Amino acid sequence: MAIEQVLHMNGGDGDASYANNSSFQRNVMLTTKHILEDSIIRLYCATFPSCLKVADLGCSSGPNALMVASNIINTVDAVSQNLNLEQPVFQFFLNDLFGNDFNTTFKSLPDFYKRLQQEKGHKFGPCFFSGTPGSFYGRLFPNDSVHFFHSSYSLHWLSKTPDELTVVAEPLNKGAIYLTKTSPPAVHKAYFAQFREDFKLFLGSRSCELLPGGAMVITLIGRDENNELINAWVVIGMVLNDMASENLIEKAKLDAFNIPSYCPTAEEIRQVIEEEGSFDIQRLETIRTDWIKNINVSDDIDEDTRAEAVAKYIRAVAESILKSEFGEAIMDELFRRFKNKIVKLHGVEKLELANLVMHITKST
Ligand SMILES: C[S@@+](CC[C@H](N)C(=O)[O-])C[C@H]1O[C@@H](n2cnc3c(N)ncnc32)[C@H](O)[C@@H]1O
């Protein structure tokens, strides 16, 4: 399955939208903000460009899409003030797949500009935004045209489900939709091979597009070496398995389906970056987060209500792809069961993510 035809986060700004169900991803960006700030300061102070060109890859829609721009403007503003320099002009490119709801983000730009003007006053220089639709697994920009790439929570999506998992007479990963503790080694091999191919293409493309001295900060969902942590795909697989045994979905369909997403270990990332050869690793860290606790809901809600909110978050991300495979009719039931499953598993299993965050620079 090529994901660019089906994948999109839930659009708009309604109750089920990504815009309203993405404080988890926002909190991850806040946790890794110091790495973004540090890398921008280094880049800015090494080159002092009159126009700083930045692209956010896999920006999705809603408030998170403008958060990177806001963090970068604040960081550069502080440095410029300290050094008594004029602010540069900023040019931000927002990238995502063709089906992304860019409009919701663009509609929020007047408020964004107003806030900046209030906070920074007349000192604030021009800041231009544009949309760049397309897959980051390929070229998006001309040669030598961008100073800095940022991407958060997007690069664990592959360009497609690995062929070895789809084009076979006998499905390899029966009863699951992602790599689990019990998946045969061939499943890991197929997923990692696809990730390696995709990530190399990503790195090669960005290296052509970056100006000399250019850098990237990337955060993606990784995997712990022991495979102990359980992510949402594993839980959705358990729920689909229950539904197949009750004949609510076809067992053969579940056995043949695998989500086009892979969470690498830090060592795998290091290996692929070194093999590809266009970038030097300045920093590569793992930050663990509990995906049940790390959402913005009031502290005094009961476990059931929290689980319901988590289910809405996961639905805003996963619905488009699950719907295209299993049909819209089962979505309410699937996410009702998902909520119940995480109530059962929380505190028993490690419902945590190993986020990988890296700062890499274009090799000279
Ligand atoms: C979970 S959202 C993250 C959005 C935002 N960066 C954040 O942290 O809230 C992942 C985004 O990556 C996008 N994405 C996945 N594969 C992509 C690709 N090959 N090219 C561009 N965008 C992609 C998805 O469409 C989705 O909007």
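The model is predicted: local features need pLDDT of at least 70, side-chain atom pairs count only at pLDDT 80 or more, and totals for chains, interfaces and linings use all residues. Residues are numbered from 1 along each chain as its sequence is written.

I begin with the ligand. There are 23 residues around the ligand, and Q25, G58, S60, N64 and S154 come nearest. The elements giving two or more residues to this shell are α1 (23–31) and β2 (89–96). Here a residue is near a molecule if its C-beta atom, placed from the backbone, lies within 6 Å of it. Helices (H or I, at least four residues) and strands (E, at least two) are DSSP runs, numbered from the N terminus. By class, the shell holds 10 nonpolar, 12 polar and 1 charged residues. Ala, Val, Leu, Ile, Met, Phe, Trp, Tyr, Cys and Pro count as nonpolar, Asp, Glu, Lys and Arg as charged, and the others, Gly among them, as polar.

I turn to the helix pair. Helix α8 (residues 232–245) packs with helix α12 (residues 331–345) at an angle of about 120 degrees, and their axes are 9 Å apart. Axes are lines fitted to C-alpha atoms, for helices over the stretch in contact, with angles from 0 to 180 degrees between N-to-C directions. From α8, V235, I236, M238, V239, D242 and M243 meet L334, R337, F338, K341, I342 and L345 of α12; contact requires C-beta atoms, placed from the backbone, within 7 Å. The residues of this contact divide into 9 nonpolar, no polar and 3 charged.

Within α12, the buried residues are L334, F335, R337, F338, K339 and I342, and they pack against α8 and α11 (303–326). Buried denotes 20 or more other C-beta atoms within 10 Å of the residue's own, exposed 12 or fewer, and partly exposed in between, with C-beta atoms placed from the backbone. After α12 comes G347, with a positive phi near 90 degrees.

Finally, the loops. Y153 lies between β4 (146–152) and α6 (163–166), and counts as buried because it has 22 C-beta neighbours inside 10 Å. Leaving aside residues up to four places away in sequence, Y153 touches Q25, V28, T219, L220 and I221.

Most residues other than glycine have a negative phi. D144, however, has a positive phi of about 50 degrees, and N247 has one near 60 degrees. D144 is exposed, with 11 other C-beta atoms within 10 Å; N247 is exposed, with 8.

Notes. Contact = placed C-beta atoms within 7 Å.
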